[in-house]
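Work through the exercises below with the structure open beside you. Try each task before reading its solution.

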Amino acid sequence: MSMRVHVEGIGLWSPQLVDFAALHAQLQGTPPPAPAGKPPASTLPANERRRAPESVLLAVEVAGQAVAMSGRAPAELACVFGSAFGDLSITDYMCETLAHAPTELSPTRFHNSVHNAAAGYWTIATGCHAPSSAVCAWHDSTGAGLLEAAAMALADQRPVLFVCSDVAGAGPLAPITRSTQAFGCAFVLAPETSPRTLATLSLQLAPRAATPMDGGALPAAWSEANATAAAALPLLVVLAGRDRHCQMAAAGGLGLEILMENVA
């Protein structure tokens with residue numbers, strides 16, 4: 001049985017791509033200029049931006065892009081935030097500090113270590129009281145989060161913001177994360193078509209493909225540098241109109257088959 005959801009907004013940020021329009025330019029053979037510095041995350045007040053870690057800035061930036069594109073009010077959107085690892089630099093700091101000088105642990109960094117930190121910053125900054133959740137499923141986090149967001153949109157008959165992002169690995173865990181740079185993406189999903197609709201996606205669970213899909217026309221190094229990018233770039237290529245089908249790992253032996261039915 002398939003689920004049909006309608007994409008109303010798309011956000012994207014990486015060290016190579018500042019937004020979804022930059023991806024379009026890349027696919028058309030015109031590499032865009034790289035972003036300057038960290039994700040701007042302009043949705044956050046200045047004081048919050050200064051103290052927020054990179055993982056939060058990244059998630060808030062792509063969420064803001066997707067919501068702005070959709071024209072929806074951010075305070076009204078339920079949201080699902082996904083991440084394969086959370087903020088590994090903070091995790092590494094906390095483990096090292098607890099091992100050597102536990103009384104020196106920073107309360108602020110501890111506050112930012114929880115997996116739903118980005119959801120908290122986003123909902124507070126936007127005044128959102130709609131339901132929110134955080135999803136973690138290792139390298140399957142993007143597919144698992146997209147499945148949850150789509151199910152929520154259809155079950156509750158409301159638009160849902162889905163954000164998935166990861167920063168570079170750090171410390172002893174870095175070699176096994178397959179993430180050496182940041183990548184984030186976001187989608188506003190709606191249960192019904194409307195003038196806001198950019199594309200309609202059909203989602204269906206199926207046996208997981210033996211070989212993961214790649215970003216096709218995009219540099220292989222982009223997928224290899226981040227687990228979230230490896231999962232999300234094939235879908236972003238589909239939404240950019242360069243393909244009509246992809247599959248994401250969703251959980252265990254399950255994959256999420258994604259077919260684009262139409263594009264605005």
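Contact here means heavy atoms within 4.5 Å. The model is predicted.

**Exercise 1. The helix pair**

Task: Determine which residues of α3 meet which residues of α6, and describe how the helices cross.

Solution. 
- Step 1. Locate the helices. Helix α3 covers residues 54–70, and helix α6 covers residues 117–126.
- Step 2. Two packed helices are described by the angle between their axes and the distance between the axes.
- Step 3. Read off both values. The axes of α3 and α6 come within 9 Å and cross at roughly 50 degrees.
- Step 4. Classify the angle. Angles under 35 degrees count as roughly parallel, and 65 to 115 as roughly perpendicular. α3 and α6 are therefore oblique to each other.
- Step 5. The crossing of α3 past α6 is right-handed.
- Step 6. List the contacts. From α3 come Val56, Ala59, Val60, Ala63, Gly64 and Val67. They meet Ala117, Ala118, Tyr121 and Trp122 of α6.
- Step 7. Sort by class. The contact of α3 with α6 has nine nonpolar residues, one polar residue and no charged ones. Gly counts as polar in this scheme.

**Exercise 2. Aromatic pairs**

Task: How many aromatic pairs are there?

Solution. 
- Step 1. Set the cut-off. Ring centres must lie within 6.5 Å. The count is two aromatic pairs.
- Step 2. Take Phe85 and Trp138. Their centres are 4.9 Å apart, with 75 degrees between the planes. Planes over 60 degrees apart count as edge-to-face. This pair is edge-to-face.
- Step 3. Phe85 sits in the loop between β2 (78–82) and α4 (88–100), and Trp138 in the loop between β3 (132–135) and α7 (141–156). The pair therefore ties together parts that are 53 residues apart in sequence.
- Step 4. Check accessibility. Buried means under 20% relative accessible area. Phe85 has 10%, so Phe85 is buried. Trp138 has 41% and counts as partly exposed.
- Step 5. Take Phe162 and Phe187. Their ring centres are 6.5 Å apart and their planes meet at 15 degrees, so this pair is stacked.
- Step 6. Phe162 is in strand β4 (residues 160–166), and Phe187 is in strand β5 (residues 183–190). The pair links distant parts of the chain, 25 residues apart. Phe162 and Phe187 are both buried.

**Exercise 3. Positive phi**

Task: Trp138 and Gln157 are not glycines. What is the phi of Trp138, and what is the phi of Gln157?

Solution. 
- Step 1. Trp138 has a positive phi of about 55 degrees. Trp138 is in the loop between β3 and α7.
- Step 2. Gln157 has a positive phi near 50 degrees. Gln157 is in the loop between α7 and β4.
- Step 3. Gln157 has a relative accessible area of 46%, so Gln157 is partly exposed.

**Exercise 4. Two residues and their contacts**

Task: Is Ser141 buried or exposed? Is Thr228 buried or exposed? Then list what each one touches.

Solution. 
- Step 1. Ser141 belongs to helix α7. Its relative accessible area is 1%, so Ser141 is buried.
- Step 2. Skip residues up to four places away in sequence. Ser141 then touches Ser83, Ala84, Val135, Cys136 and Cys164.
- Step 3. Compare sequence with space. Ser141 and Phe85 are 56 residues apart along the chain, and their C-alpha atoms are separated by 9.0 Å.
- Step 4. Turn to helix α10, where Thr228 is located. At 1% relative accessibility, Thr228 counts as buried.
- Step 5. Leave aside neighbours within four places in sequence. Thr228 is in contact with Thr142, Cys164, Ser165, Asp166 and Phe183.

**Exercise 5. Separations in sequence and space**

Task: How many Å separate the C-alpha atoms of Pro234 and Val5, and of Ala46 and Gly127?

Solution. 
- Step 1. Pro234 lies in helix α10 (residues 227–239). Its relative accessible area is 5%, so Pro234 is buried.
- Step 2. Pro234 and Val5 are 229 residues apart in sequence and 17 Å apart, C-alpha to C-alpha.
- Step 3. Ala46 lies in helix α2 (residues 46–51). At 36% relative accessibility, Ala46 counts as partly exposed.
- Step 4. Ala46 and Gly127 are 81 residues apart along the chain, with 16 Å between their C-alpha atoms.

Notes: Residues numbered from 1 in each chain as written. Predicted model: local features only at pLDDT ≥ 70, side-chain atom pairs only at ≥ 80, totals over all residues. Heavy atoms only, no water. Axes fitted to C-alpha atoms, helices over the stretch in contact; angles between N-to-C directions. Helix = DSSP H or I, 4+ residues; strand = E, 2+ residues; numbered from the N terminus. Parallel < 35°, antiparallel > 145°, perpendicular 65-115°, else oblique. Left-handed = near helix turned anticlockwise from the far one by under 90°. Phe/Tyr/Trp six-rings, centres within 6.5 Å; stacked < 30°, edge-to-face > 60°. Buried < 20%, exposed > 50% of the residue type's maximum accessible area, 1.4 Å probe, protein only.
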